[in-house]
Amino acid sequence: MNVAIFNSHTLLASHYETELEIIYDHQEKGDHVVQLICESDLPACDINPFYHPEACERCISKRKNGYAALNKKPEIKRFFYLTEEDKLRIKQVPKAFANVAELKKLKVDNYEIGYSVASSIISYFRDPNPTLDPKWVERYIIGCLGVYFSMINYLKENSTEIVYVFNGRLSHTKAVLQACKSVHVKCILHERGNSMPFYSLFENTSIHDLKNTQRLIIENWEKADPSERIERATQWFQTRIGGKMENWFSFLENQTFELPENWDVSKKNILICNSSEDEFASLNDEWKNHLYANQTDGILKIINDTKDIKNIHIYLRIHPHLAKVDNHDLRILLAIKSPHLTIIPANSLISTYNLISHASQVITFGSTIGMEATFMEKPSILAGKSFYHNLGGTYEPETHQELIELLRKELQPKPKEIALMFAFFFGTFGVRFKHYSPEDFGIGRFRGNYITSENSVKYKIIKAVFENKVFPKFSEWLRIRKREKLIQRFLP
């Protein structure tokens, strides 16, 4: 079998090690593996968005060092292969956009390039509506189209049964996925799994494919042993409630089980838990909120239209993930003033789960808190889209007015089994690493070796030239000149 792996997010924790795991397993089966690489070819990427040559060198160095941990080095090919016709098409594609919403509409063939570029930029800024730097957007678009057309050309000329790539949501990785679809070659996307010892594989789609992941949630539950699935799902919730998340950084450690000073048990206490808006804004239209323009819009309307409901108090819990984020939407939320509202900031040590256990109802916009509330036998209202949307574990109003009416009522919790079904999937999905041993979220050994970048003589020279603190303006001029020359390779 001929297998190709598009190398991208090498410097992100565990993703290159996952790539090495895949390469090693295919080589053990006797398959021919080609690694398609970038040799400082992209004018902007998620690892190096502003094209600093020394960052490229670190990426290349780590990739090369990984080969020593394999029994056999894969065949190495640069991904870049554009025809003059491809370059002309790249030149003709619009590259100036007034805002993110306009950018998201850009498509080339069936490739939603606008969404993929927006996804990378939103993730970088942690802001769902960042101010767009026209030149930066242009560089991303040029690079993405370069990857898209190059991959199509490669697959047309090289017999390939499977292509592997990371994630499939971000700029260049989505380009690879769409190129594979356009020439009908199987594309498998790798991502983190249910916890650090696991990675996941999704065929011809990503984990963010809402309908596909919902299908997997249901299928995995139905196929599993009834007693085992309940035990595993319950453990997943208990682990999270205990603040020991295994597949990501935990934002729950050291939280206290105290309630806000103004908590009044005689009132109907509504808990709103927001989440990172950028996590949803960077996905496609399938994830578009049908109730509100965004979470901030929803929260403002809910607070405004509940002010006349007697005996109600709203507690807005800002997600701990946002503790170091400063963007327009978050500033709006923190500035809300209302006598029936208490804001619990992101850096508060008050336990979210203790708030849930004492709340009358819980409102979320798609975070896992929605299912955790159902597990804790609390009425959970979903005011957006999520993997658990339409599964039956939450109240899902069709309009804002319906949501307000739900807040007036005494609701019963939805079936706990739905929460268990959700938890079982996210607590078990993925493939256990055989050759990579994570020691913490950001570090681990592949076949006994730490795969790192070398602080080589070449790296030191590149850094001295392009990041010279004595002559910073000259270094900046050299870097930009190098980047502009690189861009010309993509154009006629």
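## A hairpin to start with

Strands β13 and β14 make a hairpin, with two residues between them. Strands here are DSSP runs of E with at least two residues, helices are runs of H or I with at least four residues, and both are numbered from the N terminus. Two strands count as paired if DSSP finds at least two bridges between them. β13 covers residues 436-440, and it pairs with β14 in the antiparallel sense over four bridges.

β14 itself (residues 443-446) has two faces: Gly-444 and Phe-446 sit on the covered one, while Ile-443 and Arg-445 sit on the uncovered one.

## What kind of model this is

This is a predicted model, so local features need pLDDT of at least 70 and side-chain atom pairs count only at pLDDT 80 or more, while totals for chains, interfaces and linings use all residues. Residues are numbered from 1 along each chain as its sequence is written, and side-chain values use heavy atoms, with hydrogens and water left out.

## The chain as a whole

The protein chain holds 18 helices and 14 strands. Its C-alpha trace spans about 70 × 50 × 45 Å along the principal axes. How does the radius of gyration fit a compact globule? For 492 residues such a globule would come out near 23 Å, and the protein chain has 24 Å, which agrees. That radius is taken over C-alpha atoms, and the globule rule is 2.2 Å times the number of residues to the power 0.38.

Of the 492 residues, 58% count as buried. The cut-offs are under 20% relative accessible area for buried, over 50% for exposed, and partly exposed in between, using a 1.4 Å probe and protein chains only. As for contacts (heavy atoms within 4.5 Å), take those between residues at least 6 apart in sequence: 74% of them join residues at least 24 apart.

## Surface and charge

The protein chain exposes about 22200 Å², and carbon and sulfur atoms supply 50% of that. The areas come from the Shrake-Rupley method with a 1.4 Å probe, and for residues only the protein chains shown count as cover.

On the charge side, the mean positions of the 63 positive and 60 negative charges are 5 Å apart. Lys and Arg count as positive and Asp and Glu as negative, with His and the chain ends not counted. Each charge is placed at NZ of Lys, CZ of Arg, CG of Asp or CD of Glu.

## The seven-stranded sheet

Seven strands form an open sheet with mixed pairing, in the order β3-β2-β1-β4-β5-β6-β12. The edges are β3 (75-78) and β12 (431-432), each pairing on one side only.

At the β12 end, β6 (residues 198-203) pairs with β12 in the antiparallel sense over two bridges. Here Tyr-199 has Val-431 in β12 as its bridge partner.

## Two loop residues with positive phi

Tyr-51 is not a glycine, yet its phi is positive at about 55 degrees. It's in the loop between β2 (32-37) and α2 (53-67), and Tyr-51 is buried, with a relative accessible area of 2%.

Asn-204, also a residue other than glycine, has a positive phi near 60 degrees. The loop in question runs between β6 and α8 (210-223). Is Asn-204 buried or partly exposed? Asn-204 has a relative accessible area of 30%, so it counts as partly exposed.

## A stop at helix α4

Ala-101 lies in helix α4 (residues 100-104). With 48% relative accessibility, Ala-101 counts as partly exposed. Its C-alpha atom is separated by 9.1 Å from that of Tyr-115, which is 14 residues apart from Ala-101 along the chain.
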